Amino acid sequence: MSGDVCCFAEARRVAIFGGTHGNEMSGIMLVSMWTKNDCEIRRSRVHVEPFISNPRAVEKCARYIDTDLNRAFTEENLSTAGGDELPYEVRRVKEINQIFGPKGSPDAYDVIIDLHNTTSNMGSTLILESSTDHFTLQMVHYIKKAMAPESCMVLLTEHPQLKYSTTRSVAKHAVGFEVGPQPQGVLRSNIFQAMRMIVKHALDFIEMFNSGMEFSACRVEVFRVHERVDYPRDTNGNISAMVHPRLQDCDWEPLNPGDPMFQTFDGRTIVYEGAGPVYPTFINEAAYYEKNLAFIITCRETLSVNSIRKSTK
Ligand SMILES: [Zn+2]
């Protein structure tokens, strides 16, 4: 392992996004609560901004109004001219980019934490976009240790085709917290409390980093997005099978060749025929039916993380 120390500027501005999807209730409620009283998220060395990212979708308790905000931070949308005739979320992209970006610029916020819920049995999941952002990797390592013995999985979305343009990607360091299972539009206290703890640990990490603490080199187990799996469909494109009961709720558990994957309406089993073991997640996520996605296949790997500290200049 190399002795490299990565230096990063102090993280002075952090935003916590809730309601990027307007029917994912934990983040919406936490952010609303912190907007009224921020003493829980206040830290002495960093400005923390709670923010509802899709207020119209929150009002309707829908994932989005016109298009998925969490897929919309593309170069095209960021640079498009136009005003009121644009889809609501595209207008929102431009507003969020103005407040927290511009994306990719030195003026962008240091960290955005984006709060999501899933209907899948994923537990507490930290979503990373890059395997080379050692600041965020160290944050994730810190949160995993602080949450133990409760497990906290890390999903790495870095992939040449499957990565998408998230709302949080406006910041220099982006992390998503995905906690479930929780139905859309529903609040469950255990999920709310788990998310609240993860945010606390994330802010504690940032505060310690800002105070000058060095975080030593470590290793983090991650699950890298590998493949999308759609439902079996008939010739008209309609779903012809369901997630198999042996796979349902088994997010993060190994799937091997020959293991049941789907069950047709007449009870026939469709098995996994790829290489294995792989690790399915987002199994039977409600929001992904419209995306033709039954689950995501990930591969487990261990990343080496450099030590980090605050740059002194
Ligand atoms: Zn979401």
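Mentor: Domain bounds here come from an automatic or database domain assignment. The model is predicted.

Trainee: Which domains does the assignment give for the chain?

Mentor: Domain 2 covers 229–297. Domain 1 is written in two pieces, 6–222 + 304–310. The C-alpha centres of the two domains lie 28 Å apart. So the assignment gives domain 1 (6–222 + 304–310) and domain 2 (229–297).

Trainee: How many residues does the contact take from each domain?

Mentor: On the side of domain 1 that touches domain 2, the residues divide into three nonpolar, five polar and one charged. The contact takes nine residues from domain 1 and, from domain 2, ten residues.

Trainee: Is Glu178 buried or exposed?

Mentor: UniProt, in an unreviewed entry, lists Glu178 for "active site". The residue sits in strand β7 (residues 173–180). A residue with 20 or more other C-beta atoms within 10 Å counts as buried. Glu178 has 24 within 10 Å, so Glu178 is buried.

Trainee: Leaving aside neighbours within four places in sequence, which residues are in contact with Glu178?

Mentor: Contact needs C-beta atoms within 7 Å. With its neighbours within four places in sequence left aside, Glu178 is in contact with His116, Thr118, Met122, Thr125 and Ile127.

Trainee: Which strands are at the edges of the open sheet?

Mentor: Nine strands form the sheet, in the order β3-β2-β4-β7-β5-β6-β8-β13-β12, with mixed pairing. Edge strands pair on one side only. That leaves β3 (47–52) and β12 (279–281).

Trainee: Which residue in β3 stands opposite Val14?

Mentor: Strand β2 (residues 13–18) runs parallel to β3, joined by six bridges. Opposite Val14 stands Val48.

Conventions: Residues are numbered from 1 along each chain as its sequence is written. This is a predicted model: local features need pLDDT of at least 70, side-chain atom pairs count only at pLDDT 80 or more; totals for chains, interfaces and linings use all residues. UniProt positions are given in the numbering used here, feature names are shortened, and annotations may be inferred rather than shown by experiment. Helices (H or I, at least four residues) and strands (E, at least two) are DSSP runs, numbered from the N terminus. A residue is buried if 20 or more other C-beta atoms lie within 10 Å of its own, exposed if 12 or fewer, and partly exposed in between; C-beta atoms are placed from the backbone. Two residues are in contact if their C-beta atoms, placed from the backbone, lie within 7 Å. Ala, Val, Leu, Ile, Met, Phe, Trp, Tyr, Cys and Pro count as nonpolar, Asp, Glu, Lys and Arg as charged, and the others, Gly among them, as polar. Two strands pair if DSSP finds at least two bridges between them.
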